[in-house]
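Visitor: I am new to this structure. Please show it to me and take me through it.

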Amino acid sequence: MNLYTCDHCKYTFRYPLKTLACPDCGKEAVRPATEKETADYYAMQRILQEEIRLGLYAAG
Ligand SMILES: [Zn+2]
């Protein structure tokens with residue numbers, strides 16, 4: 001799975017294929033994520049998982 005970052009809105013996302021357009025803002029300003037952006041992405045995923053586990057988000 002590849003990680004990409006949008007240079008326009010700085011959104012980092014996972015995408016299985018090579019992509020050009022950002023799913024957030026739609027700009028074709030996407031490039032492979034740097035090592036730091038990759039680390040930040042996984043750190044954020046861990047926080048989100050923990051918040052879901054604690055029930056901070058309503059299920060469904
Ligand atoms: Zn974007």
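**Around C22**

Guide: Leaving aside neighbours within four places in sequence, C22 is in contact (heavy atoms within 4.5 Å) with C6, C9, Y11, F13, K27 and V30. This is a predicted model: local features need pLDDT of at least 70, side-chain atom pairs count only at pLDDT 80 or more, and totals for chains, interfaces and linings use all residues. Residues are numbered from 1 along each chain as its sequence is written, and side-chain values use heavy atoms, with hydrogens and water left out.

Visitor: Is C22 buried or exposed?

Guide: Buried means under 20% relative accessible area, exposed over 50%, and partly exposed in between (1.4 Å probe, protein chains only). C22 has 3% relative accessibility, so C22 counts as buried.

Visitor: What is the arrangement of the four donor atoms around the zinc ion?

Guide: Donors are N, O and S atoms within 2.8 Å of the metal (3.2 Å for Na, K and Ca); water is not among the atoms, so sites may look incomplete. Here the protein donors are the SG atoms of C6, C9, C22 and C25, 2.3 to 2.4 Å from the zinc ion. Four donors count as tetrahedral if all angles lie between 85 and 135 degrees. The angles here are 108 to 116°, so the arrangement is tetrahedral.

Visitor: Which spacing do the donors of the zinc ion follow along the chain?

Guide: The zinc donors include C22 and C25. Along the chain, the donors follow the spacing C-x2-C-x12-C-x2-C.

Visitor: Is C25 buried or partly exposed?

Guide: The relative accessibility of C25 is 32%. C25 therefore counts as partly exposed.

Terms used. Tetrahedral: all angles 85-135°; square planar, octahedral: opposite > 155°, others 65-115°.
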